[in-house]
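Here are my notes on this model, point by point. Please read them with the structure open.

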Amino acid sequence: AVVMISLSPFMAHFIFRSNIAILPSRHALRPHQWNSNTANIPSLKITCQPSSSSIITRLYSNSDNNNDDDSSAGGGTAQDLSEMFDLYHPPTTLNHILSSPPTKTGQTKKRSLVHKDGDWHRSVHIWVTDHNNEHLLLQRRSPGKDTFPNCLDVSCAGHVTSGDDVDLTAIRELEEELGKKDVTMEDVRQSRVFTIAASVEGETLSHGKFICQEYQEVYVLREGGGLDVRSFAPLMEEEVSGFEVAGVEDVLLRLEKKDEELVPRSLEYIQALRAAIFDQI
């Protein structure tokens, strides 16, 4: 059943270091230095909980599924750490829009090892807006996620598993996380806007240290009318804790200011997303 609840105070603390710092504030993320010893890089302790101004419109209650395991076997948990990913050659430059697809190395590896070893892999990000580009749908990540648990994030996202097509992955994630079954391949292909290479490292209490290095395929999918959180229902409730609807400019500004309630994005990502939403690319 769908119920109105507030986020519980036990939400996980996590520490992260990132190469995507852009603003000089006390919450700014520290740059990740390539091929260097990162032991002396300051870390930042973050609690992903709603701010006093955040309105939780609708949440799914997972009170009957308080499973704190490492999700290593799937089975109704936030992710399957044994799923296999194709590995890719690293980019020549971080946080730049790619002009051509990334290239595979020919190797595959388990998700848990990919995030431990910092291998380059692929993911999809689908931002859902209303028809007039005024509002965005935000997803609150599950407490069981191995990266950025409990944070607000892109409307729908997922990793591309070994051998899968990125557009088919986007369709699958839209159905699993948002309950959308009416999105066609043509809809997805027309909504694909850019690919960017991003790298972030950190640590969660549940899963330990992670190094997430992704080629992120970004989509902007427009709903026919307004956004109503009651229209979205994940098929696997353990994947998503809830949804919020927020103004586009408000979300972009919060991302630029490194609001610690949101999963961090680079300035290049934010600028490209802004341009895509307003049809500038």
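1. Start with Arg-265. Arg-265 sits in the loop between helix H4 (248-256) and helix H5 (267-277). Helices (H or I, at least four residues) and strands (E, at least two) are DSSP runs, numbered from the N terminus. Arg-265 counts as buried, at 9% relative accessibility. Buried means under 20% relative accessible area, exposed over 50%, and partly exposed in between (1.4 Å probe, protein chains only). The side chain of Arg-265 makes a polar contact of 2.6 Å with the side chain of Asp-153. A polar contact is a pair of N or O atoms within 3.5 Å; within protein, one must be able to donate a hydrogen and the other to accept it, and residues adjacent in sequence count only if both atoms are side-chain atoms.

2. A word on the basis. This is a predicted model, in which local features need pLDDT of at least 70, side-chain atom pairs count only at pLDDT 80 or more, and totals for chains, interfaces and linings use all residues. Residues are numbered from 1 along each chain as its sequence is written, and side-chain values use heavy atoms, with hydrogens and water left out.

3. Stay in the H4-H5 loop for Lys-258. Lys-258 is placed between H4 and H5. Its phi is positive, about 60°, although Lys-258 is not a glycine. Most residues other than glycine have a negative phi. Lys-258 is also buried, at 6% relative accessibility.

4. Next, H5 itself. Which residues of H5 are buried? They are Tyr-269, Ile-270, Ala-272, Leu-273, Ala-275, Ala-276 and Ile-277. Their cover includes strand E6 (120-129), E7, strand E10 (192-204), strand E11 (208-222) and H4. Asp-279 follows H5 and has a positive phi, near 60°.

5. Now the loop between strand E7 (135-141) and strand E8 (152-153). Thr-147 is found there. Thr-147 is buried, with a relative accessible area of 7%. Beyond its neighbours within four places in sequence, Thr-147 is in contact with His-115, Arg-141, Thr-204 and Phe-210. Contact means heavy atoms within 4.5 Å. Thr-147 and His-115 are 32 residues apart in sequence, yet their C-alpha atoms are 8.9 Å apart in space.

6. Asn-150 is buried, with a relative accessible area of 1%. Asn-150 is not a glycine, but its phi is positive, about 75°.

7. Check the length of helix H2 (residues 166-178). At 1.5 Å a residue, its 13 residues should span 18 Å. The end C-alpha atoms are 17 Å apart, which agrees. The expected span is 1.5 Å times one less than the number of residues.

8. Which side of H2 is covered? The buried residues are Val-166, Asp-167, Thr-169, Ala-170, Glu-173, Leu-174, Glu-177 and Leu-178. They cover an arc of only 150° around the axis, so they lie on the same side of H2. The arc is that of the directions from the helix axis to the C-beta atoms.

9. Look at both ends of H2. At the start, a side-chain oxygen of Asp-165 comes within 2.9 Å of the backbone nitrogen of Asp-167. After the helix comes Gly-179, with a positive phi near 75°.

10. Glu-175 lies in H2. Is it buried or partly exposed? At 30% relative accessibility, Glu-175 counts as partly exposed. Leaving out residues up to four places away in sequence, Glu-175 touches Lys-180, Lys-181 and Leu-235. Its C-alpha is 9.5 Å from that of Cys-156, 19 residues apart along the chain.

11. On cysteines: Cys-156 is buried, with a relative accessible area of 0%. Cys-212 is buried too, with 8%. How many disulfides are there? The count is zero, taking a disulfide as a pair of cysteine sulfur atoms within 2.5 Å.

12. Last, strand pairing. Two strands pair if DSSP finds at least two bridges between them. Strand E12 (residues 240-247) is mostly covered, with six of its eight residues buried. E7 and E12 run antiparallel, joined by seven bridges. Leu-138 stands opposite Glu-244 in E12. Strand E4 (residues 84-88) has four of its five residues buried, so E4 is largely enclosed by the rest of the structure. E4 pairs with strand E5 (residues 104-110) in the antiparallel sense, over four bridges. Tyr-88 has Lys-104 in E5 as its bridge partner.
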